[in-house]
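Thanks for coming, everyone. Please have the sequence and the 3D view open. I'll keep this short.

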Amino acid sequence: MAVEEKRAWIMIVVTVVSYTAYLAVVLGRSGGGPITREPYVAALLWTVGSAIAASIALHITVALLSPEEGRTKDQRDREIHHFGEHIGQSFVVVGGMAALVLAMAEADRFWIANAVYLAFVLSALLGSTTKIVAYRTGFQPW
């Protein structure tokens with residue numbers, strides 16, 4: 001398995017675990033009241049920060065445990081990486097548009113922040129999944 005494919009798997013796992021933890025914390029606090037009144041900022045910041053730290057630590061671990069020849073990127077690795085990033089970034093645009101619409105509709109800040117966070121989560125999942133599929137099924141550059 002290529003190091004870049006391992007990195008894509010790391011991104012999927014870290015993203016799913018951190019977003020699930022965030023939802024568990026925020027939804028666990030609701031207690032039947034309006035969810036928009038519950039504190040969410042600290043949970044969002046902690047889960048995003050923890051996800052970044054875990055991702056960095058796991059990337060370093062994979063790089064250290066990989067053999068020297070497995071750490072080099074060839075043209076195919078670069079093309080798959082760029083392809084996955086381009087596909088994943090579409091959700092960042094969708095999330096930005098959703099946040100813009102929510103702001104214009106004067107929605108609560110809770111919904112705007114969560115729309116942006118969900119867009120980043122979906123972007124990471126879609127981009128990483130695209131990379132894994134490209135590694136597993138073959139990649140034909142256009």
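Which residues lie nearest the centre of the largest pocket? They are Met11, Thr15, Ser55, Phe120 and Ala124, out of 29 lining residues. Before more detail, two notes. This is a predicted model: local features need pLDDT of at least 70, side-chain atom pairs count only at pLDDT 80 or more, and totals for chains, interfaces and linings use all residues. Residues are numbered from 1 along each chain as its sequence is written, and side-chain values use heavy atoms, with hydrogens and water left out.

Back to the pocket. On a 1 Å grid over the protein atoms alone, a pocket is an open set of points where a 1.4 Å probe fits, with protein on both sides within 12 Å along at least five of seven lines; lining residues have an atom within 4 Å of a point. The volume is about 620 Å³, counted as the space filled by probe spheres set on the points. Helix α4 gives the largest share of the lining, 9 residues. Helices here are DSSP runs (H or I, at least four residues), numbered from the N terminus. By class, the lining has 13 nonpolar, 12 polar and 4 charged residues.

Now look at Ser55. Serine 55 sits in helix α2. Is serine 55 buried or exposed? Buried, because its relative accessible area is 11%. The cut-offs are under 20% for buried, over 50% for exposed, and partly exposed in between, with a 1.4 Å probe and protein chains only. Beyond its neighbours within four places in sequence, serine 55 contacts Ile10 and Val14. Contact means heavy atoms within 4.5 Å.

Next, charges. Side chains of opposite charge can pair when their charged atoms come close. A salt bridge needs a side-chain nitrogen of Lys or Arg within 4 Å of a carboxyl oxygen of Asp or Glu. How many salt bridges does that rule give? The count is 3.

Start with arginine 7 and glutamate 4, whose closest N and O atoms are 3.1 Å apart. Why about one helical turn between them? Because they are 3 residues apart in helix α1.

Then take glutamate 5 and arginine 136, at 2.5 Å, N to O. Glutamate 5 is in helix α1 and arginine 136 in helix α4, so the pair ties together parts 131 residues apart in sequence. Glutamate 5 is buried at 5%, while arginine 136 is exposed at 53%.

Last, lysine 131 meets glutamate 85 at 2.7 Å, N to O. This pair links helix α4 to helix α3, 46 residues apart.

Notes. Helix = DSSP H or I, 4+ residues; strand = E, 2+ residues; numbered from the N terminus. Nonpolar A, V, L, I, M, F, W, Y, C, P; charged D, E, K, R; others polar.
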